[in-house]
Amino acid sequence: MFSGLASLVVEDVADEGEFIRVQARTRDDPVQCPVCGQPTGRVHGIHRRTIADVPTDGRRVVVSVQVRRLICPVLGCPRQTFREQVPGLIERYQRRTRRLSDQLGSVVKELAGRAGARLSRVLVFAISRSTALRLLARLPLPVVRVPRVLGVDDFALKRRHRYATVLIDAETGERIDVLPSRSADALERWLRGHPGVEIVCRDGSGAYGEAVRRALPAAVQVSDRWHLWKNLCEKTLAEVRSHSACWATSNTPRPAGVHEQTTRERWHQIHDLLGKGVGLLECARRMNLSLNTVKRYARTHEPEALRRAPRYRPTLVDPYRDHLRERRAADPAVPVKQLFREVQEQGYTGSFNLLYRYITQGRAEGDRPVTTPRWLARLLLTHPDHLRHKDTSLLAELTKACPEIAQLASLIREFAQLLTPAAGNDKKLTAWMVGVRTAQLPYLHAFANGLELDRAAVNAGLTLPHHNGRTEGVNTRTKRIMRQMHGRAGFDLLRHRILLH
């Protein structure tokens, strides 16, 4: 039961109700002087120390240990007398055994202060939140190891105000260090103090790129492919919005969903039964529907009337909707600026952009939800094999209505193929950028210019297998740690938890 106390001589065990008291003493073996190392067994005095051990049978264990104060036999030794210690069990100034401290350290490493204190009460040996934080601060940090492939990313200590940098081994995911800022100088100092990094995985940060160029000019910088795709997604949405006046003229309705198809099928089934003379109650029994639902379908003459209209927020354009509908029905090619001038004369006080969005959303023509720029961008950015048949048909119709969108779709598919690392992708990227510059797509031009500014890192990202995915995962866990700490801890304690977790 008390195997952890094997280095002591246990003399008695007493049951004292809420806890178990163990009487023990140290062995009569010679002990080395902590200063000169000379062994000695001369006893100067006897002392008692009370330490806590791991709980047993759901109760606390208190060990009362008799230790000796010994005399150093070497004349002139700075320590004439010293109190013996039991390595791994009793250490100086400690009131807990090593194994109890290790258990509590594992708890506070995961839960920190208040949560660790609450769990310690369940584990019988209760500690305060301040004690939990002191135990956490005393846990030794791992030795800083310089990896071959370094992952670098930033995270917010206080969003839009203060940021920090986390460094990991991009091959194993091991946390290496946490820097108190995301500046180029901070990363440069760390790289100069820890030479040996060969490859650095990062996002599109110019500060990190500059720090690596200054500290490790021979290191290979790898731009993360996920960030490249994310930037392309943003530019794609901007391009779709800029050409909405072209592709949205057809006002193509969004494909019907599963709910709408089910509603239409149910309407036909109910009306077929009613046409055969089946009563409402019998229809409800056969179709396993409520009677009120069958009545609602029976009163509806067309299945389209059951379609739920989208709920839009009221806007300043709503009072002029009838006028816009009549004008666009009479002249579908009427310019939006002309409509804007007309509704202004009638008292419209909103902006031109609000009116433009109102029309491109299809709210002037009817209640059917039309394809929005965000939906079209999603169709463009989804792999063709993952699109449903109706989505493929819708995408073909919209790209046919606008040549620029058709060209944009082709360029997106070509760039998506480059995101699978392979030799020769750098040359294919050059050809892709030439195609972008010949197209009338200004937002995509800006994306290509950004790639050109960081071309070496982009080439490495498209040809090498390394990426920054593990660093993003560490950042996600870091945010969870910060939520546990509720922002009340300083950077030093946060760094401690990140490196220990």
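**Helix labels, checked**

Guide: Start with H16. Its 16 residues should span 22 Å at 1.5 Å a residue, and its end C-alpha atoms lie 24 Å apart, which agrees. The expected span is 1.5 Å times one less than the number of residues. Helices here are DSSP runs (H or I, at least four residues), numbered from the N terminus. This is a predicted model, where local features need pLDDT of at least 70, side-chain atom pairs count only at pLDDT 80 or more, and totals for chains, interfaces and linings use all residues. Residues are numbered from 1 along each chain as its sequence is written, and side-chain values use heavy atoms, with hydrogens and water left out.

Visitor: Which residues of H16 are buried?

Guide: Ile405, Leu408, Ala409, Leu411, Ile412, Phe415 and Leu418. Buried means under 20% relative accessible area, exposed over 50%, partly exposed in between (1.4 Å probe, protein chains only).

Visitor: Why is Ala401 called partly exposed?

Guide: Its relative accessibility is 31%, so Ala401 counts as partly exposed. Ala401 is found in helix H15. Leaving aside residues up to four places away in sequence, Ala401 touches Cys246 and Trp247. Contact means heavy atoms within 4.5 Å.

Visitor: Which residues of H15 are buried?

Guide: Asp391, Leu394, Leu395, Leu398 and Thr399 are buried. They cover an arc of only 125° around the axis, which puts them on the same side of H15. The arc is that of the directions from the helix axis to the C-beta atoms. On the other side of H15, His389 and Lys400 are exposed. The cover over the buried residues includes helices H7 (244–247), H14 (373–381) and H16 (403–418).

Visitor: At what angle do H17 and H18 pack?

Guide: H17 (residues 425–438) and H18 (residues 442–453) pack at about 145°, with their axes 9 Å apart. Axes are lines fitted to C-alpha atoms, for helices over the stretch in contact, and angles run from 0 to 180 degrees between N-to-C directions. The crossing of H17 and H18 is left-handed. That word applies if the near helix is turned anticlockwise from the far one by less than a right angle; clockwise is right-handed.

Visitor: Which hand has the crossing of H12 and H13?

Guide: Right-handed. Val336, Lys337, Leu339, Phe340 and Val343 in H12 meet Phe352, Leu355, Tyr356 and Ile359 in H13. The residues of this contact divide into eight nonpolar, no polar and one charged. Ala, Val, Leu, Ile, Met, Phe, Trp, Tyr, Cys and Pro count as nonpolar, Asp, Glu, Lys and Arg as charged, and the others, Gly among them, as polar.

Conventions:
Helix = DSSP H or I, 4+ residues; strand = E, 2+ residues; numbered from the N terminus.
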